[in-house]
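The sequence and structure are shown first.

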Protein chains: 2
Amino acid sequence: MANHDPDLSRLFHALADPTRRGILTRLAEGPAPVTALAGPTGLRLPTVMRHLAVLEEAGLIATSKDGRVRSCAVVPAAFEPVRTWLDEQRALWEGRLDRLDDYVMNLMKERSQ
Amino acid sequence: MANHDPDLSRLFHALADPTRRGILTRLAEGPAPVTALAGPTGLRLPTVMRHLAVLEEAGLIATSKDGRVRSCAVVPAAFEPVRTWLDEQRALWEGRLDRLDDYVMNLMKERSQ
DNA sequence: ATCATGGTTAGCCATACGTCTAACTATACC
DNA sequence: GGTATAGTTAGACGTATGGCTAACCATGAT
């Protein structure tokens, strides 16, 4: 029941935007400065900065400034809660289906007696 | 590079709300009518209906009406694109890290000659 | 036929989101 | 010092989101 987890909401929200996913994919190849990230998007710098802020607040990227260039890098571990939530959901369905299996099995056994 | 996929955006967006995740968790235990889903949320029916519409448009649930009651059920397969995207991202990081490994290995080999 | 129940539609409202421009700061380079 | 480069801040703007009320079907029960 990790549903009210604000982290999870922030994560999913951060991932819900194509521009942000694009940035993450780009960063998966390795760290990059802000301007390099902005280029492919066709968006203005301040807009990209906002996207980066969303990603950083979600913990999906980390940034550090060296001189006048800010380098951004993906934080793979940050994806874990998402994966975990998906796994939890799956476990719930499967639990249910197992119980349904048992139920059907019992029915069949009773019938065959 | 499945980033511009509108399905993915709709999925992530649908999952970004605690109320909607709560509904999914509830549905993972088995199908339920709208009112049963609304109860725990403390929200008004029209509000819940909107959440259900978002979930259905994302393909995460399916609904069908029998008499005057609409039954909602989770659609496990709909989660796959999310999982797939996560896996793709992971593959990218790992590819990068592998190449980095190779690079370091080569460096070390060259040094030791 | 009447009434209660379960759901639906329409519309309002405040806030959040994604985008932009314009103006500003800070660092590198000549 | 002067200029180009990289990023930042502030504010505006239209649209989307999440919530509500009120009124409206549709169906099952009496």
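## Sheets and the helices across them

In chain A of this predicted model, helix H2(A) lies across S1, S2 and S3, running at about 90° to S3(A). Here contact means heavy atoms within 4.5 Å; axes are lines fitted to C-alpha atoms, for helices over the stretch in contact, with angles from 0 to 180 degrees between N-to-C directions. Helices (H or I, at least four residues) and strands (E, at least two) are DSSP runs numbered from the N terminus. Helix H4 of chain A (residues 45-57) lies across S2 and S3 of that chain, at about 120° to S2(A).

The model is predicted, and local features need pLDDT of at least 70, side-chain atom pairs count only at pLDDT 80 or more, and totals for chains, interfaces and linings use all residues. Residues are numbered from 1 along each chain as its sequence is written, chains are lettered from A and ligands numbered from 1 in the order in which they are written, and side-chain values use heavy atoms, with hydrogens and water left out.

The strands of chain A form an open three-stranded sheet, ordered S1-S3-S2 with antiparallel pairing; two strands pair if DSSP finds at least two bridges between them. Its edge strands are S1 (32-33) and S2 (61-66), each pairing on one side only. S1(A) and S3 (residues 69-74) of chain A pair over two bridges in the antiparallel sense, and Pro33(A) stands opposite Ser71(A) in S3(A).

Chain B has an open sheet of three strands in the order S1-S3-S2, with antiparallel pairing. Strands S1 (32-33) and S2 (61-66) of chain B each have a single partner strand, so one side of each is left without a neighbour in the sheet. Six antiparallel bridges join S2(B) and S3(B), the latter spanning residues 69-74, with Asp66(B) opposite Val69(B).

Helix H2 of chain B (residues 18-28) lies across S1, S2 and S3 of chain B, at about 90° to S3(B). Its buried residues (under 20% relative accessible area; exposed is over 50%, partly exposed in between; 1.4 Å probe, protein chains only) include Ile23(B), Leu24(B) and Leu27(B). At the start of H2(B), a side-chain oxygen of Asp17(B) reaches to within 2.7 Å of the backbone nitrogen of Thr19(B). Gly30(B), which follows H2(B), has a positive phi near 140°.

## The interface

Contacts between the chains involve 34 residues of chain A and 34 residues of chain B. About 3,100 Å² is buried between them, 61% of it on carbon and sulfur atoms; buried area is the accessible area (1.4 Å probe) that two parts lose on being put together, summed over both. In chain A, Arg21(A), Arg83(A) and Trp93(A) lose the most area to chain B, together 22% of what that side buries.

Two salt bridges cross the interface, a salt bridge being a side-chain nitrogen of Lys or Arg within 4 Å of a carboxyl oxygen of Asp or Glu. H5(A) gives the most to the side of chain A that touches chain B, with 12 residues.

| Residue pair | N to O distance |
|---|---|
| Arg83(B) and Asp87(A) | 2.9 Å |
| Asp87(B) and Arg83(A) | 2.9 Å |
| Arg10(B) and Asp7(B) | 4.0 Å |

Arg83(A) is buried at 10% relative accessible area, whereas Asp87(B) is partly exposed at 36%. Asp87(A), Arg90(A) and Arg83(B) are linked in a network of salt bridges.

Key:
A polar contact is a pair of N or O atoms within 3.5 Å; within protein, one must be able to donate a hydrogen and the other to accept it, and residues adjacent in sequence count only if both atoms are side-chain atoms.
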